[in-house]
Amino acid sequence: MTATDDARPVPTDRATDTRPKVALVCSSGGHLFEMLCLRAFWSECQAFWVTFDTPDAASLLAGERVHHAVHPTNRNVVNMLRNAVRAVRILARERPDAVVSTGAGVAVPFIVVAKLLGIRTIYVESITRIDELSLSGRMVRPFVDEFLVQWPELARASGGRADYRGQVL
C-alpha cells in the first residue's frame, strides 16, 4: 500500500489507456467490504482507492493503488477539513472520471470536492440503512449524480431522492 503523497503513478499512459478512471472512496470495515462486493462494476476501470490506513484495509487492498484518508471522521470537523485538502490534492492529481463511494464520513469531502471539480459522483448507501439515510448520505445527497440505496423501502422513503437497483451483498 502507498501513502497519500506517495501513491504510485498510473502504470499506463492515459493517452493510450482509454478505460475510465475511477476513485473508490470508502471507510474501512463494512464500507470497504461493500465496495469490494461491487468489483464487477469497476474491475474494468483504472481504479485507485481512498480509505483509512487500517489493518483490514492493508490486507484487503494489498497490491492496489491506495491513498490514505485521515480518521476518525465521524462528526470530526477538523479531520473532515483535512480530508477536504487531501481530496483536492488527490483528485486534481489523479483526474478520475468518477468518484464512487459506499460511505461513510470520508465520502463527504471527496464527493463535494469531486462535484466542484466537475467529476461524476456516485454514492451507494450502506445495506444497513433500511428506513432512513445515514448522516453521510444526507450530507452528500445534494452533490451526487447518482444516489443508490439497497432497499426498496428506503428508495420509497427518500421521496424520489434515491434509486434502488438491488443489493450489493
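Which β-α-β unit do S2, helix H3 and S3 make, right-handed or left-handed? The legends below start there. The model is predicted.

**View 1. S2, helix H3 and S3 build a right-handed β-α-β unit.** Helix H3 covers residues 55–60. Strand S2 spans residues 46–52 and runs parallel to S3, with four bridges joining the two. Within this pair, Val-50 stands opposite His-67 of S3.

**View 2. Strand S3 is covered on both faces.** The strand takes in residues 66–69. Val-66 and His-68 lie on one side, His-67 and Ala-69 on the other. All four of these residues are buried. In a regular strand, side chains alternate between the two faces of the sheet.

**View 3. Seven strands form an open, parallel sheet.** Their order is S3-S2-S1-S4-S5-S6-S7. S3 and strand S7 (163–164) stand at the edges; each has a single partner strand, so one side of each lacks a neighbour in the sheet. Strand S6 (residues 146–149) pairs with S7 over two bridges, in the parallel sense. Here Val-149 stands opposite Tyr-164 of S7.

**View 4. Helix H1 lies across S1, S2 and S4.** It runs at about 130° to S4. The helix covers residues 30–37, and its buried residues are His-31, Leu-32, Glu-34, Met-35 and Leu-36. Their cover includes strands S1 (21–26), S2 and S4 (98–103). Helices H2 (39–42) and H3 are also part of that cover.

**View 5. The largest nonpolar core holds 27 residues.** Val-50, Leu-91, Val-99, Phe-110 and Phe-147 touch the most other members. Strands S1, S2 and S6 each supply at least two residues of this core. So do helices H4 (77–94), H5 (107–116) and H7 (152–157). H5 gives the most, with six residues.

**View 6. Val-50 and its contacts.** Which residues does Val-50 touch, not counting those up to four places away in sequence? Leu-24, Val-25 and Cys-26 are on the list, along with His-67 and Ala-69. Ile-90, Val-106 and Phe-110 complete it.

Terms used:
Residues numbered from 1 in each chain as written. Predicted model: local features only at pLDDT ≥ 70, side-chain atom pairs only at ≥ 80, totals over all residues. Heavy atoms only, no water. Buried < 20%, exposed > 50% of the residue type's maximum accessible area, 1.4 Å probe, protein only. Pairing = 2+ DSSP bridges. Right-handed = clockwise from strand over helix to strand, strands pointing away. Contact = heavy atoms within 4.5 Å. Axes fitted to C-alpha atoms, helices over the stretch in contact; angles between N-to-C directions. Core = buried A, V, L, I, M, F, W, Y, C linked by side-chain atoms within 4.5 Å.
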